[in-house]
Amino acid sequence: MTTTSSLHPSSARLRLGAEPRQGGSARRINGAWWPRSYDLTAELPGLLAGLPHRWGHISSVLVNGTMWSLPRDGMLVADQMVHLRRTDSPRAEHTVCLLAPGHGRWDLLVVPPAATEAEAERLMDTATADDPLEGHTA
């Protein structure tokens, strides 16, 4: 199932990939998110509101420390504390990792806020394709 939000200013611009098939391996990237800025305090509530309920309560978010503006430890989102952590790992440079105890972990590709709509669509399509490398040459 693919979920795409509208481009209404108050909603998250989010696209999720299909759930893994029974017995299949988990996806490395579970979807793509196109925030309007790198201010996590402003962007996170919209993102979390746009996620499927089956993902449960996201209690921890891991982002690239050099790209995002974020409060020291955490923030309240919908009356629940969400812990915010930074990483300097080059592998996490363009992703956000969402953790929900008892439900799982999801990694979303972060489309740069300054991307054009065409660039964002291409990146989101690639991130949510069944085979992200299909049709792309080196």
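Predicted model: local features only at pLDDT ≥ 70, side-chain atom pairs only at ≥ 80, totals over all residues.
In helix 1, the residues L40, E43, L44, L47 and L48 are buried, where buried means under 20% relative accessible area, exposed over 50% and partly exposed in between, computed with a 1.4 Å probe on protein chains only. Seen down the helix axis, these buried residues fall within an arc of 125°, so they line one face of helix 1; the arc is that of the directions from the helix axis to the C-beta atoms. An α-helix has 3.6 residues a turn, so residues three or four places apart point the same way. The face of helix 1 turned away from the buried side carries the exposed residues A42 and A49. Helices (H or I, at least four residues) and strands (E, at least two) are DSSP runs numbered from the N terminus.

Residues are numbered from 1 along each chain as its sequence is written, and side-chain values use heavy atoms, with hydrogens and water left out.

Turning to the aromatic residues, rings of Phe, Tyr and Trp (its six-membered ring) pair if their centres lie within 6.5 Å, with planes under 30 degrees apart counted as stacked, over 60 as edge-to-face and the rest as tilted. By this rule, there are three aromatic pairs. One of them joins Y38 and W68 edge-to-face, at 5.1 Å centre to centre and 85° between the planes. This pair links distant parts of the chain, 30 residues apart: Y38 is in the loop between strand 2 (31–33) and helix 1, and W68 in the loop between strand 3 (60–64) and strand 4 (74–77). Y38 counts as partly exposed at 26% relative accessibility, whereas W68 is buried at 4%. The pair of W55 and W106 is stacked, because the ring centres are 4.3 Å apart and the planes at 5°. Here too distant parts of the chain are linked, with W55 in the loop between helix 1 and strand 3 and W106 in strand 7 (residues 104–110), 51 residues apart. Both W55 and W106 are buried. W33, Y38 and W68 form one aromatic cluster.

A charge is also found over a ring: R13 lies over the face of W34, at 3.6 Å from the ring centre. The criterion is NZ of Lys or CZ of Arg within 6 Å of the ring centre and within 35 degrees of the ring normal.
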